[in-house]
Amino acid sequence: MPLTISDDDFRRLTSFIQAHYGINLTEKRQLVSSRLSSVVSEQGYSSFTPFITKLLEEKNPNQLELVLNRLTTNYTFFMREQEHFEFFEKTILPDLVRRHQRDKVLAIWSAGCSSGEEPYNISICIKEFLGAQAKLWDTRVLATDISQQAMAKAKRGIYDLPDTIPDHWRKRYFNKVAGSDGKYQVAPEIRNNVIFQTFNLMDPIKFRLKFDVIFCRNVMIYFDQPTKDALVRRFYDATVPGGYFLISHSENLSKNAPYRTIAPSTFQK
């Protein structure tokens, strides 16, 4: 049976998480108590109060990450929302390659990349599009997530491949992992094209370059509207003029968002 969380403990925990990570759990009381009860018990506590008190006083990064990982879902897969990747290859990449013929540098950010499938997927699309020209370009994708655990899995690049992966991709961009019961590892040429970095989306965005494309899909579902609006404004400021912004099909931008809509869940500055 899940432990019961008091009004005060629930408020203390959810207020802290929202203030520091933007994640709104104020309507998720049952989820919080059910997903954290085992953590509380495993650490020798019989109630939430001393666990939350220690968590908020010490702010131990490993403990905070454990709690965040339990309360959010790091669920993703290759070719998720496939229409986005088709639009990326047919419309966005031709535009960017025209624009960057001189410097041959693309700046793409996978924000909230979870276990890494999205940035690897983006890199494969780029390699497919550029073909033999790919080696002349700097197309490294920045991939960020708040979770060290997700980053570690992403860097390993070992997955069960879904049926959404085209056969020729499987042969060209993945290597079977011996003795792993059918798992594959992303090939080095694709792994080396992704730069993984932990990053909290509540922090100021101060990367060296502005981005041609920002993917932020299935991340803002955890944020309330003011947090979402402020983040979209930061993304907009970090996008080059004419650059693109993609969110998941289950998400919406508010009517006063600065980007203009050009396709479903796809926007341009």
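Asp9 and Arg12 lie 3 residues apart in helix H1 (residues 7–21), so about one helical turn separates them. Helices (H or I, at least four residues) and strands (E, at least two) are DSSP runs, numbered from the N terminus. Asp9 and Arg12 form a salt bridge, with the closest N and O atoms 2.9 Å apart; the term means a side-chain nitrogen of Lys or Arg within 4 Å of a carboxyl oxygen of Asp or Glu. Both Asp9 and Arg12 are buried, where buried means under 20% relative accessible area, exposed over 50%, and partly exposed in between (1.4 Å probe, protein chains only).

This is a predicted model, in which local features need pLDDT of at least 70, side-chain atom pairs count only at pLDDT 80 or more, and totals for chains, interfaces and linings use all residues. Residues are numbered from 1 along each chain as its sequence is written, and side-chain values use heavy atoms, leaving out hydrogens and water.

The whole structure holds 11 salt bridges. In one of them, Arg217 pairs with Glu118, the closest N and O atoms being 2.8 Å apart. This pair links distant parts of the chain, 99 residues apart: Arg217 is in the loop between strand E7 (211–215) and helix H10 (225–237), and Glu118 is in helix H6 (residues 117–130).

The disulfide count is 0, a disulfide being a pair of cysteine sulfur atoms within 2.5 Å. The sulfur of Cys113 has its closest cysteine sulfur in Cys216, 11 Å away, which is too far for a bond.

Thr144 belongs to strand E2 (residues 141–145). Its relative accessibility is 0%, so Thr144 counts as buried.
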